[in-house]
Amino acid sequence: MQSAHIKTPLPGPKAQALLKRDALVTSPSYPRDYPFVMSHGKGAEVWDVDGNRFLDFAAGIAVCSTGHSHPAVVQAIKDAADEFLHISSDYWHERQTALAEKINAVNPMGEPVMSFFCQSGTEAVEGSLKLARYVTGRSRFIGFLGGFHGRTMGSLSFTSSKYTQQKGFFPTMPGVTHVPYPNSYRPLFAGEDQGAAVLNYIENVLFKANVPAQEVAAILIEPIQGEGGYLVPPDGFLQGLRKLCDRHGILLIFDEVQSGVGRTGKMFASEHFGVAPDIMSLAKGLGSGLPIGMVVAKKTLMEKWQRGAHGNTYGGNPLCCAAALATLDLVDTQYRANAAEVGTYFMNQLRDLQGRFPCIGHVRGKGLMLGMELVEDRSSKIPATKLCDAVVNRAFHNGLLLLSCGQSTIRFMPPLMISRTHVDEALAILAASLEDAQNQ
Ligand code: PLP
């Protein structure tokens, strides 16, 4: 199948010319899967430089939450740019304070919070880790296998969704111990409840045999694991983790960089589980595409940071704050509910598709953070990695932008404003791409 919107074989001539120039001067380290060269976008649609139109179900890795170039976000950025482009975090300005007030008003932790501003997810994680060490005076951390938290040295020491992210960079930050993320589809422990088994492992194996609990500053976890495969933890797991942390005076950090800001149909994924963290990292969807990250923490913790303990140059950039304020407004009033409603429809349609394609082993997720794991066959559950790559590639050629995660999971993270019509179009392309890839 080739979409009516794809006019030239891909990559087209203009895309090819740019790829050629780029290969000479740009780092080859970017994990690029297919040659999409963007010209412009509107909502959930994007066009390449050769005039081909695609549906964007990757949204710049879950960033373009309000869709490409939402007029209200663009206007907010323009208004801010007319006033000033930068002042540095040594000073104050209205939009930065308003954004911290807004996050406090959203009440993510059931008690007052304070915010630290930065530019990216990895930096938000670094800030969260530094805060945890600073306020506890403890040095160790626990992270989760399959987790992704960024690629700077501190966050990289937790990142473990792909071996290539680590290879060649050792040593990273010492003191991080990884435990399995509970995965009911691929259980590592005996028993039905993988969440309880992981908690038992931390408490009764790790803390007894290797890691003194009183030396652990924090446990860092994605409340829904992103790059590791769009895994939703079993009921009770995050509640149990909260209790475990409280028993040992350990802080709980939720990395909501991918799952936050309406992506799962709630403002933060943690709300699905009724668990509040002590510290939360935000970025991606927060700025609709402008680079902004935040460390949000209980006021009782962040107020302990002394002057000069942590800072940066660009944190709280006025254009980024303007984009985030407009984004939060749209997500709060419209798109969070849309993500829940359209996400449920999408999930049901994917489950129907599973009935037609035996290679779809598992469909999971919340809101518009949905994953479809491909397997060689449903009994062995061997990950169908090549098929997954082929489907993503075919989907591109058929006019749909997708990304994978885990070993063989296709993830769907479209802008939060998509309609059922967009979903229907994407599903038709997806089904055709599955057929194409299986026939290859
Ligand atoms: N944390 C999570 C959960 C992420 O998904 C990512 C990026 O994919 C990051 C942190 C790192 O964000 P950035 O790429 O902005 O540094």
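**Exercise 1.** In this predicted model, how far does a backbone N or O atom of Thr122 lie from an oxygen atom of the ligand?

*Solution.* Begin at Thr122, and look at its backbone rather than its side chain: a backbone N or O atom there lies 2.8 Å from an oxygen atom of the ligand. A polar contact is a pair of N or O atoms within 3.5 Å, so this pair qualifies. Then turn to the nitrogen atoms of the ligand, where a backbone N or O atom of Phe148 lies 3.3 Å from one nitrogen atom, and where a polar side-chain atom of Asp255 lies 2.7 Å from a nitrogen atom. Finally, consider the ligand as a whole, which taken alone exposes 390 Å², of which the protein buries 83%.

**Exercise 2.** Determine how the residues of the shell around the ligand divide into nonpolar, polar and charged.

*Solution.* First find the residues around the ligand, among them Ser120, Gly121, Glu222, Val257 and Lys284. Next sort the shell by residue type, remembering that Gly counts as polar; the division is two nonpolar, six polar and four charged.

**Exercise 3.** Find how many cavities of 30 Å³ or more a search of the whole structure gives, and describe the lining of the largest cavity.

*Solution.* The search of the whole structure finds one such cavity, and the space in the largest cavity comes to about 40 Å³. Its lining includes His86, Ile87, Ser88 and Ser89, together with Thr313, Tyr314 and Pro318. When the lining residues are sorted by type, three are nonpolar, nine are polar and none is charged.

Methods
Residues numbered from 1 in each chain as written. Predicted model: local features only at pLDDT ≥ 70, side-chain atom pairs only at ≥ 80, totals over all residues. Heavy atoms only, no water. 1 Å grid on protein atoms, 1.4 Å probe; cavity = no way out; pocket = protein on both sides within 12 Å on 5 of 7 lines; lining within 4 Å. Points joined across faces, edges and corners; volume = space filled by probe spheres on them. Near = heavy atom within 4 Å. Polar contact = N/O pair within 3.5 Å; in protein donor to acceptor, adjacent residues only side chain to side chain. Areas by Shrake-Rupley, 256 points an atom, 1.4 Å probe, with all protein chains shown as cover.
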